[in-house]
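Please keep the sequence and the model in view while reading.

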Amino acid sequence: MASDSDDDKLPTQGRFTRFRKLAGLSAQLGADVLKSGARKLVGQEADLMSLSAAEKLVSTLGELKGAAMKFGQVVSMDPELFSPEVRQVIARLQNEAPPMPYAQVAGVIRADLGDAPEKVFREFSQTPLAAASLGQVHRAVLHDGREVAVKVQYPGIEQTLVGDMENLGLVVKTVSKASRLADGTAYFQEMRDEMLLETDYLREAALCTAFGRAVAGLPDLKVPEVIAERTTRRVLTLELLRGRTLKDWVVSQPSAEERYRVARQLILAIYGPLFTTGDIHADPHPGNFMVLEDGRLGVLDFGSIKRFSPAFVATNRRMFLHAVRLEPMNVLALCREVGFTCELPDAEGEALIQEIFAIAGRPMRQDFYDFSTCGIAREMRTLFTKNAPRMLKIRPPAEGVLFFRSTGGLIQNLRLIGAEGNFRRVYQEVAALL
């Protein structure tokens, strides 16, 4: 088993130390954004963040891992916030981070699987395939010759994540008390609870298997098989998928036909399981999807699969079918069925929600849509900014947070791919599954 001194080499510093590092990063980035704003005020072009600040962001969040790195992954997906050069730097957070020393990897495997990696597996690569927020992945070969990916959790990361969540919780409480318009504590609690569950790899293995069953009727998707006898709470062994992550594939200049094909697969991967089994992949950054050598789309990382209540799924299914069929619907009443609350007069609330549906549902209604010029995220931000006091009086249920994270991330991925074509047909294909 790894010693305490080994663990100290990992990014599991005390809560105050981590908070201090984040505060220092925040001050530097804040100064960078202020400079950018000043340049824009005098009519000069300026990025929101400089390349040097982006490098600092990646270095600090990558070192800290945990919730800090997950936040960076979310930020890196928004193409409207940064220039392509800066976004390319921040995108490294999607599946790259300073690796854990191999001695610590071996220590976790020895503690959890009973022997050294070289004994438990026929082959085990000491160089990680990917290093992420909660653990890192190594290529290995089972004794029967099957290639596998072994995800090994950083020692102490569970305690680190708890500390990060407590730090963030204090911020959320402070903001909520200072504002009479918004109380984000229920939404933060939902995110906190789901994120802390991700440290249990036995749970992730079960979710992976269930997600595989959910997409069994979609042959264009591939979910890796779980190797149960090599899986514990801190070690997850899965069938190794061969291909390129979405962010690596998209820079290979795929054809228009390939872009449309992969975009279709992504839509099916998000909406298919949601409407058939109530599960959604709630961490849809480009490092979690892989364009396989056989053309299928591989889905990775099942720690953040969200399972919704039957009522939430049933009402969202009805709204989706109405939208695809271009049928009129009482969106306010349906939103209330899902669990929304609205403190505006009904007519006013209905009008605002209709505007949201009009923006978000554009690809469903049109026979041709170009995601390379998609402005859905930008238009949503503009709508919320212009109507902030009223928008804050329309509140989704807590479980809706990860739904919006997933569907918003899907739109960002589709824009990254830059596909164009008849996506209404794809949404009709999803509707045919129901």
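The sections below take up the model, its cavities, a strand pair and a glutamine.

## Basis of the model

The model is predicted, with local features needing pLDDT of at least 70 and side-chain atom pairs counting only at pLDDT 80 or more, while totals for chains, interfaces and linings use all residues. Residues are numbered from 1 along each chain as its sequence is written, and side-chain values use heavy atoms, with hydrogens and water left out.

## Cavities

Two cavities of 30 Å³ or more are present, and the largest cavity holds about 40 Å³ of space. A cavity here is a set of points, on a 1 Å grid over the protein atoms alone, where a 1.4 Å probe fits but cannot get out, and its lining residues have an atom within 4 Å of a point; grid points are joined across faces, edges and corners, and the volume is the space filled by probe spheres set on the points.

The lining of the largest cavity consists of Met191, Glu194, Met195, Glu198, Ser304, Leu402 and Arg405. Two or more of these residues come from each of α9 (185-197) and α19 (400-417), helices being DSSP runs of H or I with at least four residues and strands runs of E with at least two, numbered from the N terminus.

## Strands β3 and β5

Strand β3 (residues 147-153) pairs with β5 in the antiparallel sense over five bridges, where pairing requires that DSSP finds at least two bridges between two strands. Leucine 238 in β5 is the bridge partner of alanine 149. Four of the five residues of β5 (residues 235-239) are buried, that is, under 20% relative accessible area, with exposed meaning over 50% and partly exposed in between (1.4 Å probe, protein chains only).

## Glutamine 189

Glutamine 189 lies in helix α9 and counts as partly exposed because its relative accessibility is 36%.

Notes. 1 Å grid on protein atoms, 1.4 Å probe; cavity = no way out; pocket = protein on both sides within 12 Å on 5 of 7 lines; lining within 4 Å.
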